[in-house]
Structure formats: C-alpha cells, structure tokens
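This report concerns side-chain contacts across strands, together with the nonpolar core and a surface patch. The sequence and structure come first.

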Amino acid sequence: PAAIFVESGATPGYQLAQDTATYIDELPEDATTQVYVFMDIPSTQTGGDISGQTLTAQVAAGNGGATGGQGADITSDDEGNVDIVNGVGSNQIVFDVLNGVSVTGTFSDDHAYRVLSADLEVMKTSDVISDPVNGTSADAKAIPGAIVEYTIRVTNDAGATEDADNLVITDSLDTEITNNEIAFETATFGAGVGIQYNINGGAAVDVTNTDGDADAGWFDGSGPGETNVVEVSGFTLTPGDYVEVIFRVEIQ
C-alpha cells in the first residue's frame with residue numbers, strides 16, 4: 001500500500017516527525033509544495049517486477065480555515081462565487097463526491113519503479129576424506145574417526161538483477177558438537193586455520209578460527225548464539241558469481 005505525506009516546510013526534504021500531513025491544506029495562490037509517496041515492496045516480488053503509480057491532484061475550494069477542502073466550484077460565470085479554473089486543461093474529469101457531480105480540475109502524473117534484487121541459491125555438500133579403516137581411499141566411510149569435508153556454495157543467479165552485497169555465510173555446528181557427534185577440525189589448512197573459501201572456483205583463501213582478527217571469518221565465536229558457528233563474511237557476488245566456503249569435521 002501507498003502512504004502519502006506533504007512537505008511541512010520546517011526542514012527541506014522528508015522528515016518523519018515533521019511531514020505528517022496527508023493532504024495539501026489551503027495552498028496559497030501561485031505556491032507550490034512537495035508530496036512524498038512511499039510504497040511497500042511485498043516480499044513475494046522478484047527482480048525485474050515493476051510497480052506503477054498515478055498521483056492525482058484535485059482542485060478544491062478552501063474550507064474557511066478549517067482542515068480539508070470542499071468540492072471545487074469551477075462553473076464558469078457563476079455570479080456571486082469565485083471561479084476556480086484548471087490551468088492545465090479541462091479534459092480531465094473526476095467525480096466530486098461532495099456535490100455528486102463529475103467535474104474538471106484534476107491533473108495526474110505517472111511513475112514506476114522496478115525491483116532490483118539478488119537471487120541467491122545455497123547448496124551444502126559433504127565428502128568423506130578419510131576414515132581409520134580405509135584411510136584416504138575412495139572407500140572411506142562416515143564412521144567414528146572419519147574426516148568429512150563440507151562445502152557451502154552460495155550462487156547469485158545469472159538472471160539476478162542486482163549484486164548480492166556484504167554477503168555473510170554462517171553454519172552452526174553447535175548442536176552436533178554439543179551432542180558429541182562431531183568435532184571441528186581446527187587445523188585443516190594450517191595451524192589455527194580451519195576455514196577456506198574461493199570465488200568462482202579461483203584461488204583459495206584461508207581463514208583463521210579466531211573471532212575479531214583481520215580476516216573475513218571465524219569459528220570459535222563466544223557471543224550469544226555464536227558458539228561453534230562457522231562464519232565468513234564480506235562477499236559481493238555479481239549475477240552469475242558464486243562463493244564456496246570449505247571446512248572439515250571429525251565424526252566422534
């Protein structure tokens with residue numbers, strides 16, 4: 001739905017606390033004002049969807065200082081009354097609900113906006129790297145002591161209409177670790193380095209496990225809801241790009 005507010009003039013530009021009027025009241029001769037139209041974008045809309053709006057201004061006679069205008073008295077040569085003339089032409093018709101007649105005295109303009117959005121797809125896969133019985137062979141099984149590698153791929157679809165900015169990828173392992181089902185491999189890619197990522201399959205970037213250091217992610221967060229969470233952030237994916245986050249766990 002649309003919300004319409006009129007500029008109060010106290011501070012130029014829309015001000016939430018100042019510009020609260022929903023109609024133009026007693027606009028002086030030759031004066032102008034600004035009207036702000038706000039539109040909600042439903043969560044069901046997708047990239048490329050277009051919404052059009054028509055804003056219509058209707059001439060109305062003053063209401064003697066009271067709020068709100070009256071139906072426009074626009075009949076030419078109405079003796080004893082001040083005529084109101086539509087300066088943009090008389091071919092635009094509107095129904096005057098106060099007087100129950102169709103009258104001229106309106107002007108409208110159209111505008112539209114197009115939804116620009118990223119279109120993300122997330123896929124998580126696993127691969128058993130080794131187990132205590134079969135080693136690193138193709139027969140490695142997901143048994144206690146096995147090492148499993150997870151890959152999270154996030155793709156911004158090629159048909160998306162916008163970049164995915166400041167992307168944050170998280171994966172909570174807290175339930176599984178708390179239940180002693182898995183243990184995070186803290187040194188898969190080096191001492192204290194348990195996470196790796198790449199963009200579009202390019203060069204791998206190692207990420208330390210430490211929260212708050214200079215790199216893009218961490219594992220051992222200690223804040224509320226952050227314990228045992230893999231997180232890597234700061235990605236920007238243009239349409240068609242993907243990022244892969246890789247880490248390993250040991251089955252307990």
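R248 is partly exposed, with a relative accessible area of 23%; this class lies between buried, under 20%, and exposed, over 50%, with a 1.4 Å probe and protein chains only. The model is a predicted one, in which local features need pLDDT of at least 70 and side-chain atom pairs count only at pLDDT 80 or more, while totals for chains, interfaces and linings use all residues. Residues are numbered from 1 along each chain as its sequence is written, and side-chain values use heavy atoms, with hydrogens and water left out.

**Salt bridges**

R248 meets E149 in a salt bridge at 2.8 Å, N to O. Such a bridge requires a side-chain nitrogen of Lys or Arg within 4 Å of a carboxyl oxygen of Asp or Glu. By this rule the model has three salt bridges, listed below.

| K124 and D171 | 2.5 Å | K124: 42%, partly exposed | D171: 13%, buried |

Strands here are DSSP runs (E, at least two residues), numbered from the N terminus. The bridge between R153 and E244 also links distant parts, from β10 to β17, at a separation of 91 residues. K124 lies in strand β9 (residues 120-130) and D171 in strand β11, so their pair ties together parts that are 47 residues apart in sequence.

**Aromatic contacts**

Rings of Phe, Tyr and Trp (its six-membered ring) pair if their centres lie within 6.5 Å; planes under 30 degrees apart count as stacked, over 60 as edge-to-face and the rest as tilted. There are eight aromatic pairs by this rule. Y150 and F247 form a tilted one, with 5.7 Å from centre to centre and 35° between the planes. Y150 lies in β10 (residues 147-156) and F247 in β17 (residues 242-251), so this contact ties together parts 97 residues apart in sequence. At 22% relative accessibility Y150 is partly exposed, whereas F247 is buried at 0%. Elsewhere, F5, Y14, Y36 and F38 form one aromatic cluster.

K124 lies over the face of Y150, 4.6 Å from the ring centre. R153 lies over the face of Y242, at 3.9 Å.

**Nonpolar core and surface patch**

The largest nonpolar core has 23 residues, of which I169, L173, I195, V230, V243 and V245 touch the most other members. A core is a set of buried Ala, Val, Leu, Ile, Met, Phe, Trp, Tyr and Cys residues joined through side-chain atoms within 4.5 Å. Among the elements that give two or more residues to this core are β10, β11 (164-172) and β17. Its largest share, five residues, comes from β17.

On the surface, I4, I24, L27, V35, V37 and L55 form a nonpolar patch with about 430 Å² of accessible area together. Patch members have over 30% relative accessible area and no salt bridge, and nonpolar side chains (Val, Leu, Ile, Met, Phe, Trp, Tyr) are joined within 5 Å. Areas come from the Shrake-Rupley method with a 1.4 Å probe, and for residues only the protein chains shown count as cover. L27 lies in the loop between β1 (2-6) and β2 (35-39) and is partly exposed at 42%.

How values were computed: Patches are made of residues with over 30% relative accessible area and no salt bridge: like charges are joined within 9 Å, nonpolar side chains (Val, Leu, Ile, Met, Phe, Trp, Tyr) within 5 Å. Helices (H or I, at least four residues) and strands (E, at least two) are DSSP runs, numbered from the N terminus. A charge sits over a ring if NZ of Lys or CZ of Arg is within 6 Å of the ring centre and within 35 degrees of the ring normal.
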